Amino acid sequence: MWKERTFLISISVSYFNTYCTFLLPDICGGVLTGLSGSITSPDYPESYPNNAECHWVIQGTSNSIVKLIFVDFQMEQSEQCNFDYVAIFDGPTMEDTLLSYYCGNTKPPEVVSSAHELLVVFKSDFNIANKGFKAYFFSVGGRKCNHTCKIMFCTGLSACACQEVYTAVKGNFSSPQYPHSYPNNIKCRWTIQLPQGYRIKVFFLDLDLEGQNSLTDGCDYDYLAVFDGGTEKASLLGKWCGREMLSPIISSRNNLLLVLHTDRNTANRGFSVAYFGGKIYC
């Protein structure tokens, strides 16, 4: 049975001059189900804590494989990786085949699963911490949908990869083909739907879109918009383009909509976000 380190962060939020406490889990590990996303060691890029153990299960679609690409890796070095390490298993549990384990400062090679699930385990001992690691994962291959898929002509992008509904209390997702350039001429929607009484906090891990229109200073070309509800008729919480480090946003209800719009030219890296659901206690 894999373990998940969880504790609560208390955040005060003002709703109509009423201060409420928003409880959010600070989670090390979890189940990741997006088409793509990122994993980092706790507190990255600061030093990871001692005596930590984190388990991430990456679940692609049933007829896909999972690719894991490390972009940064700085761990305590030891000959047999007995102290701090990252281990990768070809399946969702530690009983599955161990593909490899890594430590030190050498960036691991690309890892590819044989099926649609991969387990990443991070473990640190009682002393000597380092910067840690950052990796991107991708679900690659055929994709089955529970609805009719449309192919977006000129881009070849399946609408299934561009219309997602998330109901888990935590998760992460990113623009199509992230961290590579997103396609042109697309409009993608990601809806987060949680049970009644929950609110949603979204963390922006990366944002790199085409910049503003120099004539209007507006996000007229490519942009990411977030709505405080399940449709574009809900209140607009923000609309962004270019390269920005955005502060987290919190919904006022139990659903949230993110929309990515791109025009016919100039594509950048895109975006990556993580979200957590929590209950409001007033």
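Predicted model: local features only at pLDDT ≥ 70, side-chain atom pairs only at ≥ 80, totals over all residues.
Serine 272 belongs to strand β21, which covers residues 270–281.

Once its neighbours within four places in sequence are left aside, serine 272 is in contact with Ser38, Phe173, Ser174, Tyr178, Phe203, Phe204, Leu205 and Asp206. One of these partners, Tyr178, also takes part in a cis peptide bond, to which the report returns below.

## Glutamate 46 in the β3–β4 loop

Glutamate 46 is found in the loop that runs between β3 (36–40) and β4 (53–59). With a relative accessible area of 56%, glutamate 46 is exposed, since the class begins over 50%.

Although glutamate 46 and lysine 131 are 85 residues apart along the chain, their C-alpha atoms are separated by 5.4 Å. Apart from neighbours within four places in sequence, the residues in contact with glutamate 46 are Asn130 and Lys131.

Most peptide bonds are trans. Against that background, tyrosine 44 and proline 45 are joined by a cis peptide bond, with omega at about 5°, and proline 45 is placed in the loop between β3 and β4, where glutamate 46 also lies.

A cis peptide bond also joins tyrosine 178 and proline 179, and here omega is about 10°. Proline 179 lies in the loop between β14 (170–174) and β15 (187–193), while tyrosine 178 is among the residues in contact with serine 272.

Most residues other than glycine have a negative phi. Cysteine 81, which is not a glycine, has a positive phi near 55°, and its place is in the loop between β5 (64–74) and β6 (85–89). Cysteine 81 counts as buried because its relative accessible area is 12%, a value under the 20% limit.

Asparagine 185 likewise has a positive phi, of about 55°, although it is not a glycine. Asparagine 185 is found in the loop between β14 and β15, the loop that also holds proline 179. At 45% relative accessibility, asparagine 185 is classed as partly exposed, because that value lies between the 20% and 50% cut-offs.

Definitions and conventions:
Residues numbered from 1 in each chain as written. Heavy atoms only, no water. Helix = DSSP H or I, 4+ residues; strand = E, 2+ residues; numbered from the N terminus. Buried < 20%, exposed > 50% of the residue type's maximum accessible area, 1.4 Å probe, protein only. Contact = heavy atoms within 4.5 Å.
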